[in-house]
Amino acid sequence: MGLFSRNELLGLDIGSNSIKAVELDWRKKSPRLKVFGMIHLPPEAIVDGAFMDSASIVDSIRSLVEGLKVKTKNVAVSISGHSVYIKTINVPNMSKEQLEESIKWEAEQQIPFDIEDVNIDFQILDTQTTPDQMPVLLVAAKKDMINDYTAVIEEAGLNPTIVDVDSFAIENAFNLTNESPPDEVVALVNIGASVMNINILQGGTSAFTRDISIGGRQITEEIQKRLKMTYEEAEALKVKEREAGAQSAEVEKIIQSTAEQLATEVRRSLEFFAASSSFGEIKKIYLSGGCAKIPTLPSLIEERIGTPVEVFNPLTKIDYNADEFSPDYIKEVGPLAAVAVGLALRREDLK
Ligand SMILES: Nc1ncnc2c1ncn2[C@@H]1O[C@H](COP(=O)(O)OP(=O)(O)OP(=O)(O)O)[C@@H](O)[C@H]1O
Ligand SMILES: [Mg+2]
């Protein structure tokens, strides 16, 4: 033990609707929730994955971190969407060191981006099916996007330590709370404001990922347009006033029709996966993100796809002090915290 730990890490999920921060306390056997908080971003700050107003993102990170009295400077952050390319490829058997040498060449054959514009990462998978070839999870992310994220963190006075991918962070959070039998196939579906992240796992390891530019923002914009109000008013109608029991038939109708579109997108992706792979049937769908809180969405997806849906709350199996965080609050915000929890868990990798 030292007087301070270099291994402290804040998980920071910079979403287009809100930024979430999670820090875990590792002094006990299992991690305990130390810090959790979120702050809304103005709707025009991040649009279609692009940082349109970096200054307000920096301000929001600052106030969030100050408000939560976070001491650590080290931050794990994640990216998603069309600037990230993820694919499982097969390469001839070789050592990790050899692959480090040749991954750029392998990636060049596979990715739709210019190799000079991306950072490459990979992981050798243990799901080998052919004797002379090994499966490798290849990740290529646009340098521009990585720079956007690290720049706002640095400007907020913090130190970007890890850059992860939304889907993999959720997988990390999921594996903390779930033991998966080796052949079990499940789908993690995270639906936020602008992006839907789909990650299909076999035995706890990613077998397929896809990000689709669709989410809760569509619902808000539709309410805004139809009821002729500001984005903020429409968002309040959709979330707060509805939670307070103020139902409007028109708003319900808009939410339902957009929820149908979200369910259709999930179905399409799962069908694509089923048609293009030899994996078993998907046993369960774990739904997270703000849209998991649309009351009818889990059952709608269940109906459309014929697969059971469970709302995934990564905080239910993490200890916390009930005087600090009320159990109702944990239940309420848990589904939105999946990415940030997974990022905070990366502290394990720093050791
Ligand atoms: N109770 C609720 N009912 C309906 N929608 C909700 C509710 N709570 C949150 N949402 C919606 O969920 C979305 C926010 O989810 P989330 O925090 O996962 O997104 P994000 O991470 O900020 O965005 P991104 O898609 O860029 O990752 C918003 O569109 C919000 O309106
Ligand atoms: Mg998000």
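These legends go with several close-up views of the predicted model.

Residues are numbered from 1 along each chain as its sequence is written, while chains are lettered from A and ligands numbered from 1, in the order in which they are written. As this is a predicted model, local features need pLDDT of at least 70 and side-chain atom pairs count only at pLDDT 80 or more, whereas totals for chains, interfaces and linings use all residues.

**View 1. What sits around ligand 1.** The shell around ligand 1 holds 22 residues, and Gly 15, Asn 17, Gly 192, Gly 216 and Gly 290 come nearest. To be near, a residue needs its C-beta atom, placed from the backbone, within 6 Å of the molecule or strand. Sorted by class, the shell has 6 nonpolar, 11 polar and 5 charged residues. Here Ala, Val, Leu, Ile, Met, Phe, Trp, Tyr, Cys and Pro count as nonpolar, Asp, Glu, Lys and Arg as charged, and the others, Gly among them, as polar. Helices (H or I, at least four residues) and strands (E, at least two) are DSSP runs, numbered from the N terminus.

View 2. For two strands to pair, DSSP must find at least two bridges between them; S8 and strand S9 (residues 133-142) have 7. Look for Val 118, whose bridge partner in S9 is Lys 142. Contact means that the C-beta atoms of two residues, placed from the backbone, lie within 7 Å. Axes are lines fitted to C-alpha atoms, for helices over the stretch in contact, and angles run from 0 to 180 degrees between N-to-C directions.

**View 3. H5 against H8.** Back to H5, which packs with helix H8 (residues 249-276) at an angle of about 140°, their axes 9 Å apart. That angle makes H5 oblique to H8; under 35 degrees counts as roughly parallel, over 145 as roughly antiparallel, 65 to 115 as roughly perpendicular and the rest as oblique. Gln 218, Ile 219, Glu 222, Ile 223 and Arg 226 in H5 meet Glu 250, Val 251, Ile 254, Ile 255 and Thr 258 in H8. By class, that contact has 5 nonpolar, 2 polar and 3 charged residues.

**View 4. H8 against H9.** H8 and helix H9 (residues 297-305) pack at about 45°, with axes 9 Å apart. This makes H8 oblique to H9. Residues of H8 in the contact include Leu 262, Ala 263 and Val 266, and those of H9 include Leu 297, Leu 300 and Ile 301. The class tally is 9 nonpolar, 1 polar and 3 charged residues.

**View 5. H1 against H3.** Helix H1 (residues 54-67) packs with H3 at about 50°, axes 8 Å apart. Ser 54, Ile 57, Val 58 and Ile 61 in H1 meet Val 152, Ile 153 and Glu 155 in H3.
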